[in-house]
Amino acid sequence: MGLLQDFKRGLGERKLNLDDDFIKFIRFGQFAIQQSGVGVLGMVTNSTYLDGITHRRMRECLLESFNCGAVLDLHGSATKKETCPDGSKDENVFEIKQGVAISILARTLGKERNSLRFGELWGLQDAKYQRLESAVRLSSIEVEVAAPNYFFVPKSVENAEEYERGMSVKDAFRESGPGIKTERDSVGIQQTRSDMEAVIADFNSMSVEALRMKYDLGEDSRDWKVINAKADVRANDNAERIRSVQYRPFDFQWTWYSGRTRGFIGTPGYRIGSHMSKGPNLGLVTSRTVYGPDLWRDALVTNTICEFGIMATRPGNTAPVFPLYLYEEALEGFDVGHTSIGAVQGFSKRPNFTPTFLNAIASALQLPQRGEHGLPGDLTPEDIFHYTYAVFHSPGYRSRYVQFLKIDFPRVPLTGELDLFRVLAQLGGELTTLHLLESPKLAQPITELVGSRNPEVEKISWSQHTVWVNKAQTTGFQGVREDVWNFHIGGYQVCEKWLKDRKGRTLSKDDIVHYQKIVVALSETIRLMAEIDRVIDAHGGWPGAFQSTAQA
């Protein structure tokens, strides 16, 4: 474990996945060869370290010890949802979810230049076995391993320089963190307030074993125990703790929130949740490390606490929340009524942007910085948030930089044209109100419920511009275009997912209205995304409209 510190040094990551056994063995093998001064390390391992972002220091450290080597990526990752380049099925060489790689790293005498070759095998398990058992030399190419990520797999560098000019959201926002993780959604998340009230009443009155049986809670885990959840509820019972939570895109449900770790909610994400619950706020929800062949589509806005799996980019992957404002307790004698940003309920608030980000915006737009927070010109924090949200919804941005968006947090390209900044901020503001279901445009539905007036969600399908909710395809929402039906946010197909989470329930009148609003919101989102690209094209397109981007 001490040796592993060399793989973690200087990463600045809040969460590292560098304690896996295979990484310990690689590090120990490296140590042994460092002691001998010469040698070869050959291993069959999990393949995540070849291009994982948090493994970048590990790869750099290996390059410092070994001056030549080769890796063979056997793919087969169910986690990454890998398929062959031609779209056919790709299987793992073992019966596991993680991809597999063969690595041979050597430390030789008298050879100074680092050389690393890369090869790969795709296809079915038996075909991979036959290739590996044959004496045929597998084709490989030399990889140019370079800072800052030191990837052991070939990566295209096209557009890399212009993308790197933007600023990562991790550097643009002071604070960020994951949403709540209930550990037991069956009790921690409910679709109505009354359902949540009933759960809390049970946790107040029923025994531990009775709760376990009624809610089919199974065995306790490290982060969640029935007895702890019950104790949390009884010690902090308050109707105000029942609050709205954004569970999935456009899906606002209910939870009970005390902020206590390993209580009713296993991991409450209180540090960020407190900023999202003390007063009016917006939060950018985005993610890191997106797998699969599709384009990046991991941008969402919230105005409340949200569940950590809101984006579902991959199993177990969190989508951090980047609040627009940070709420802090007002100091004694501090006149909150005279702050430039304002104050709410005894808490002062300040923008969550870093000075470096605000300086970069001011420099790009050639605007003076004003006030105690250094905001550029007359721009508001909302303007900056909305501009960022619009850029992240540009189809041109998503396709041009897809290879970079899939391996790390998105970067914000800055324009030097104030007119473009303002128009994008306006469009981002419209997207924000749509995604929070606050836009007046949502009052005019574009769909009609056909069939039963009390539809029970049985089987969800789409055909003939209708989303059907029953097997017979006699009841559903008519007027849903195919592009709206297929629209994804993160890993979720929104129109399908919202209904799937209500399977077996009869949709209420409010549910029907809510779903119709979702359809309008997605239809308008598609229109606005196209408009964002038209505006950018009118100002020089990519990267011309952003040539004045300040270096991060």
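Visitor: Among contacts in the protein between residues at least 6 apart in sequence, what percentage join residues at least 24 apart?

Guide: This is a predicted model, in which local features need pLDDT of at least 70 and side-chain atom pairs count only at pLDDT 80 or more, while totals for chains, interfaces and linings use all residues. Residues are numbered from 1 along each chain as its sequence is written, and side-chain values use heavy atoms, with hydrogens and water left out. With contact meaning heavy atoms within 4.5 Å, the share joining residues at least 24 apart is 70%.

Visitor: How are helices α16 and α19 oriented to each other?

Guide: Helices here are DSSP runs (H or I, at least four residues), numbered from the N terminus. The axes, lines fitted to C-alpha atoms over the stretch in contact, with angles from 0 to 180 degrees between N-to-C directions, come within 10 Å and cross at roughly 170° for α16 (residues 418-435) and α19 (residues 509-538). Angles over 145 degrees count as roughly antiparallel. The two helices are therefore roughly antiparallel.

Visitor: Which residues of α16 make the contact with α19?

Guide: On the α19 side, the contributors include Leu528, Ile532 and Val535. From α16 come Leu420, Val423, Leu424, Leu427, Glu430, Leu431, Leu434 and His435.

Key
Angles under 35 degrees count as roughly parallel, over 145 as roughly antiparallel, 65 to 115 as roughly perpendicular and the rest as oblique.
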